[in-house]
Amino acid sequence: MRRLLWILPLLVLTHCKKDITQGAAKVTVSYTGFKPGCVQVLARDVASQKEVANTLPGKGDFSGGSVVVAVIPPKGWGKTLDITARLYEQECAGKPVGEPTERVTVKDDDVSTVTLHLEARDADQDGYVAASQGGSDCQDDEPSIHPGADERCNGVDDNCDDVDDRQEFSLDEDCVAAGCSGKVRCGDDGAPYCDSPTAILAYPDNDRDGHGLENAFAEAFCDGVVPAGYTTGPADDCNDDDSGIHPGAADACDKVDTDCDGTRDEDFPTVGNTCTTLDSQCPGELQCNAAKNGVDCVAVASVPTWYPDADGDGYGVTAGAVQSCVRPPGSYASEAGDCNDGNAATHPGATELCDGVDNNCDGNASDAPVCPDGAAPKWVEKTVSSGGDRHWRTVTTWTRGGVWAGGEDNRRARLIPSNNNFTVYTSTSVCGASDTYWYASWADPENNGRVWFGSDGGKKVYQDTGDANCTQVHDDNIHVYGLVGIRANGTLLFYGATESGSASEGAAFTWGGTTTAPVYSAPNNAPSPVFDVHGISPDTVFLAGGTNGDSGRIYRYSPSDGKWNSEGVESQVSGLNRLNAVWVVNPKLAFAVGRNGAVVRWNGTQWSRVVAPSNHELTSVIAFGAGAAYATCANGHIYRYDGTSWTTVHTMEGGRRLSDITGTGPDDLTAVGNNGRIVRWPAWP
């Protein structure tokens with residue numbers, strides 16, 4: 001690596017002289033008549049023309065001074081050097097005042113002496129050398145005149161830019177001052193000004209009471225005449241359309257500041273106080289009476305209308321509207337126009353989603369502009385399983401486009417967001433042999449999509465999105481039908497629906513996801529088999545189950561004692577068949593579905609029947625609001641509920657059974673079923 005030129009104060013060189021073996025040069029740069037702002041010393045090897053340089057500030061005062069540096073040639077240089085000193089007025093940039101040069105031949109083990117000298121003149125000591133001396137000062141006898149100085153309108157080129165004041169300040173050109181025309185002139189203070197007639201300033205006085213409009217801008221009249229409708233009086237009239245209102249006028253109880261003192265009705269201090277009208281119980285205000293000698297309580301606004309807003313999106317429906325000055329209890333909105341009050345993503349002004357519905361309530365349900373590739377949305381089926389005849393039983397998601405599926409023959413499949421296809425895992429190590437069937441799953445959105453599976457053999461495992469195999473955590477040979485994870489206070493707890501040792505009842509468990517065994521308990525109050533579990537918080541977790549016939553059952557978890565208590569749905573809804581799936585939307589909304597088209601909905605207090613999409617066996621349900629629910633059935637149908645009725649939105653090829661559905665919203669849904677079929681909405685990735 002080439003050694004850089006060493007330029008140091010002489011003191012260091014002489015102190016270390018015994019260490020100099022290849023020779024050096026002592027360079028003295030002196031100057032007379034000015035003090036440079038920057039000195040650049042440059043050494044050039046005459047033989048190779050290589051050069052290096054260094055800069056340092058000038059020393060001394062305005063009469064002159066000097067700097068001394070040592071130059072040691074880098075290895076590989078010759079002995080003959082050209083030493084140049086470039087002296088600058090301010091910074092080491094632009095044209096130097098001078099650059100004296102001397103050639104020197106250095107001798108080994110010795111120090112050669114070089115003296116470079118420059119004479120210049122900075123007579124006014126403003127840091128700039130006279131232009132005649134190689135500098136840039138155009139007038140070296142005046143310290144206020146030099147490059148960079150503030151240019152003044154005085155007939156002098158103050159900043160030495162060779163531009164005269166006429167050009168610099170547009171002298172003698174037309175101008176306007178205070179609304180009057182004139183010419184640009186130089187002032188005594190060195191600043192340009194507009195030489196124009198003195199204007200008479202007046203304010204608009206529309207009511208001609210001698211008081212101009214408050215805070216109005218004065219207008220200039222250059223001919224000395226103030227026209228009608230203007231006044232030279234003060235601009236303090238707070239109402240320039242009424243000649244009876246101005247400073248000094250008499251005040252009265254009229255809710256008007258007639259004397260413009262900033263206080264209305266000062267003799268009636270209760271004016272403006274709040275009150276309640278006797279007839280409508282509406283908020284009111286004490287206002288001046290017709291005689292302007294007292295106050296009455298007057299409603300401040302018309303009675304508002306409140307619209308039922310079941311989905312809490314700020315827009316309600318006209319049916320059931322209430323007129324009241326007090327907001328009714330429950331969920332009401334001040335705006336109407338919601339075309340689906342069971343879907344918070346659907347209301348006037350909402351962002352259109354690729355979900356097949358009119359989200360912004362403009363009457364146009366076309367989704368193509370916001371759908372993938374701008375195409376019309378559709379359900380797209382694919383076979384995702386080697387051989388194509390194995391059945392998927394469970395599906396879950398942790399983020400938009402992130403999906404896990406589980407099924408028979410130890411099949412697990414994963415879709416990563418933005419990927420085009422599922423990756424299928426069939427490893428028989430750790431997670432069981434081919435006779436392992438996965439019936440339950442839950443993906444953790446706070447752990448990068450780690451999925452937890454439960455099997456018919458009681459295995460409880462997890463698999464990370466980047467792993468090809470799963471990790472078994474517990475196995476107790478108790479069939480897992482449903483699984484959901486809920487975080488509370490930073491702790492993840494699992495809730496599961498399982499079989500029981502008795503054929504007539506099911507069981508549920510809570511589990512921390514560790515090797516410690518789950519805590520099992522049978523539902524209270526006439527327990528029956530359970531087939532699914534879902535919840536959003538520890539106090540809002542439901543089990544769904546029952547037996548064939550009029551015996552649908554729902555149980556709710558009690559965090560205080562760990563028990564599963566019956567919701568009594570069998571007594572609230574007559575003839576309810578077995579329930580296969582449950583989904584909780586929020587603390588006041590949940591759906592459960594089951595055999596023979598059984599559908600019930602929870603409103604936070606009780607369960608009630610919802611019209612059925614068909615008499616088929618409903619296998620799973622997902623909902624995003626009271627008017628945005630989806631269900632699958634054993635005959636391969638996918639149904640969508642809009643809060644009033646169900647619509648068949650897809651039928652699987654060959655009527656294959658659908659077992660489960662998941663999604664992050666109405667515009668991101670995945671359902672799985674028999675023969676390795678997986679169907680996606682609104683398009684395959």
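Strands E22 (392–399), E26 (438–444), E30 (480–488), E34, E38 (579–586), E42 (618–625) and E46 (658–665) each contribute at least two residues to the lining of the largest pocket. Helices (H or I, at least four residues) and strands (E, at least two) are DSSP runs, numbered from the N terminus. The greatest contribution to this lining comes from E30, with seven residues. The volume of the largest pocket is about 1,000 Å³. Its lining comprises 46 residues, of which Val395, Ser441, Asp532, Trp583 and Asp660 are the closest to the centre. A pocket is here an open set of points on a 1 Å grid over the protein atoms alone, where a 1.4 Å probe fits, with protein on both sides within 12 Å along at least five of seven lines; lining residues have an atom within 4 Å of a point. Grid points are joined across faces, edges and corners, and the volume is the space filled by probe spheres set on the points.

The structure is a predicted model, in which local features require pLDDT of at least 70 and side-chain atom pairs count only at pLDDT 80 or more, while totals for chains, interfaces and linings use all residues. Residues are numbered from 1 along each chain as its sequence is written, and side-chain values use heavy atoms, without hydrogens or water. The average pLDDT (the predictor's confidence in each residue, from 0 to 100) is 89, and 94% of the residues score at least 70. Residues 1–19 have pLDDT below 50, and this stretch makes 35 contacts in the model beyond near neighbours in sequence. Contact means heavy atoms within 4.5 Å. Where pLDDT is low, the predicted coordinates should not be read in detail.

Residues up to four places away in sequence aside, Thr396 touches Gly402, Val403, Trp404, Ser441, Trp442, Ala443, Val451 and Thr662.

Neighbours within four places in sequence excluded, the contacts of His534 include Val484, Phe542, Val582, Trp583 and Val584.

An open sheet of three strands has the order E13-E12-E14 and antiparallel pairing, where two strands pair if DSSP finds at least two bridges between them. E13 (219–221) and E14 (230–231) are the edge strands, each pairing on one side only. E12 (residues 200–204) and E13 run antiparallel and are joined by three bridges, with Ile200 opposite Phe221 in E13.

Cys260, in the loop between E14 and strand E15 (274–276), has a positive phi near 55 degrees and is buried at 16% relative accessibility. Cys361, in the loop between strand E20 (332–333) and strand E21 (380–383), has a positive phi near 60 degrees. A cis peptide bond, with omega about 10 degrees, joins Trp681 and Pro682; Pro682 lies in the segment after strand E48 (677–681).

Definitions and conventions: Buried < 20%, exposed > 50% of the residue type's maximum accessible area, 1.4 Å probe, protein only.
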